[in-house]
Amino acid sequence: MTSRIFKSIVTVAAVILCVSLLFIMGVLYGYACDVQTMQLKDELSIAAAGTEKAGLSFLEDLDAKNYRLTWIQPDGTVKFDTHAESGRMENHLQREEIQQALGYGSGSAVRKSDTLLEKRMYEAKRLSDGSVLRISASQKTLIVLLAGMLHPVCLVAVLAIILSALLAHRVSCKIVEPLNQLDLEHPLENNTYEELSPLLVRIQQQHKEISSQMQALRQKNDELEQITANMREGLVLLDRNGVVLSINPAARKLFHADGDCVGTPFLRVERKSEITSAVEAAFRDGLHELKTQRKGRIYQFLFSRITSGEETIGLVILAVDITETENAEQNRREFTANVSHELKTPLQAIIGSAELLENGLVKPEDTQRFIGNIRKEATRLVSLIEDVIRLSHLDEGVEMPKEDVDILDIAEEITESLRLAAEEKKVTMQVSGQHCTVPGVRGLVFEIVQNLCSNAVKYNVEGGRVDVTVIKRGGSVVLTVADTGIGIPREHQSRVFERFYRVDKSHSRASGGTGLGLSIVKHAAQYHNADIQLESTPGKGTTIRVVFPA
């Protein structure tokens, strides 16, 4: 702005200077012409008076260098001329100034010379004898006058422009200084030109509107950050050029990025071809899905293009961890297949025995044995169905009524119920410890102790031992079931809590197990936030500890 004001002032000063010089030169030139005309008339009057008295001798005696005198007869012939021979001069009767003098007593005329550099002025006067005396002088034109004064005029112009520039710089700085000192954060507190008051009032109003909008945007942005920060899903927002606009903590962890990645191309954050190809496909097609694995986890990626009207303005990337869902689906398929297989085995035995009895192919003395097989397989089938129902309830996470459960009382009750089975295998069972209560579901705690003790008896050796201990350790209650049975090989220990997993299938079926006992123990312990610890040595026995939070 300072530069524009400076240029404007200098330009105006230069224009005014030029116009003033031209005007002054014009006025001076007109004044000079008038003075010269008056001088010519005065000199003509003197010459006419001398000619009237002395005649031709007066004119011949004159030494005229700056002007020219011509005496013309009434018929236009030249009688005398100070600069030429009269006999060779043409008739002057038709000259303008001669005509005026013959008619009115005096005359004037101005004629251009052969060049544009000067012109001639003529003054004529009629004498008493009817002849005309004319005087003429050359006069420089305005162009010649300006050329002659070019140097001083240029010097004056340069000095005037320099002075104008200095004054213009100072004036422009003075004008702009209050504008540069404006406090636009507080427009109404400025003490400046009154003409700026409407503008400052408008700026103040706009400040209020912008502040209100910025506050609303900050609030919306904070809400979005709070929402996305607590999302388990990864969320990334890209602009139309693939530059990261926003990335939540879950996405930063997934892509191993930091907060500085905002404002950088997404290609620098994620370089895997399957992801970058999916981004390109989403920009092209509008929507794209991708399922992939990362560090043993399964993720479902959803790429969705954002448009405004018909213009693409960005892309949303949503990453969902579906590992649990996929595992649950896999477990469901495996569980369904296992349940079908486990149900099919006792049912086939029941159907086979029933068909033999129905067709009379069983000897009378073997009838009771086949009926006993049917009862045994039916009992096994009922146990399997009951175990499946228990696991189904645990999987659904149904809330059950809780109470204070004394684990030692339950252990003593179960040991007493298994006493007969233990005596058949000559296995000694003993319960020790202290009465400890935990908040829990009595039925589930009963299932934990029942399955552990039952397995300890089933998979024990003849003459073996089962020790059940309940103690309080720190802030926890520890249930320990230790046996001297066949043990579990190390390679199977990590899988014995899976559904229908059996280390020795023949032994399990012979003992009547469903393959779901330890799985029920695992899920019931998880329901109570309890930890399970397994120690086993093949041929020496197994110890399982369940640590309940008190």
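**Exercise 1. Which side chain meets Glu-324 in a salt bridge, and where do the two residues sit?**

Step 1. Recall the rule: a salt bridge needs a side-chain nitrogen of Lys or Arg within 4 Å of a carboxyl oxygen of Asp or Glu. The partner of Glu-324 is Arg-297, at 3.6 Å from N to O.

Step 2. Glu-324 lies in helix α10 (residues 323-358) and Arg-297 in strand β9 (residues 297-308), so the pair, 27 residues apart, links distant parts of the chain. Helices (H or I, at least four residues) and strands (E, at least two) are DSSP runs, numbered from the N terminus.

Step 3. Check the surroundings. Arg-297 has a relative accessible area of 29%, so it is partly exposed; buried means under 20%, exposed over 50%, and partly exposed in between (1.4 Å probe, protein chains only).

A note on the model: it is predicted, so local features need pLDDT of at least 70 and side-chain atom pairs count only at pLDDT 80 or more, while totals for chains, interfaces and linings use all residues. Residues are numbered from 1 along each chain as its sequence is written, and side-chain values use heavy atoms, leaving out hydrogens and water.

**Exercise 2. Are Glu-462 and Lys-426 buried or exposed?**

Step 1. Find the pair: their side chains meet in a salt bridge at 3.5 Å, N to O.

Step 2. Locate them. Glu-462 is in the loop between α14 and β14, and Lys-426 is in the loop between α13 (419-424) and β12 (428-433), 36 residues apart.

Step 3. Apply the cut-offs. Glu-462 has 61% relative accessibility, so it counts as exposed. Lys-426 is exposed as well, because its relative accessible area is 55%.

**Exercise 3. How many salt bridges are there by this rule?**

Step 1. The count comes to 15.

Step 2. Look at one network: salt bridges link Glu-97, Arg-111 and Arg-134.

**Exercise 4. Which residues have the most contacts inside the largest nonpolar core?**

Step 1. Define the core: a set of buried Ala, Val, Leu, Ile, Met, Phe, Trp, Tyr and Cys residues joined through side-chain atoms within 4.5 Å.

Step 2. Read off the answer. The largest core has 40 residues, and Leu-452, Leu-479 and Phe-548 have the most contacts inside it.

Step 3. See who contributes. Elements giving two or more residues include α12 (407-417), α14 (442-458) and β17 (541-549). With eight residues, α14 gives the most.

Step 4. Zoom in on Phe-548. Beyond its neighbours within four places in sequence, its contacts (heavy atoms within 4.5 Å) include Ile-407, Ile-448 and Leu-479.
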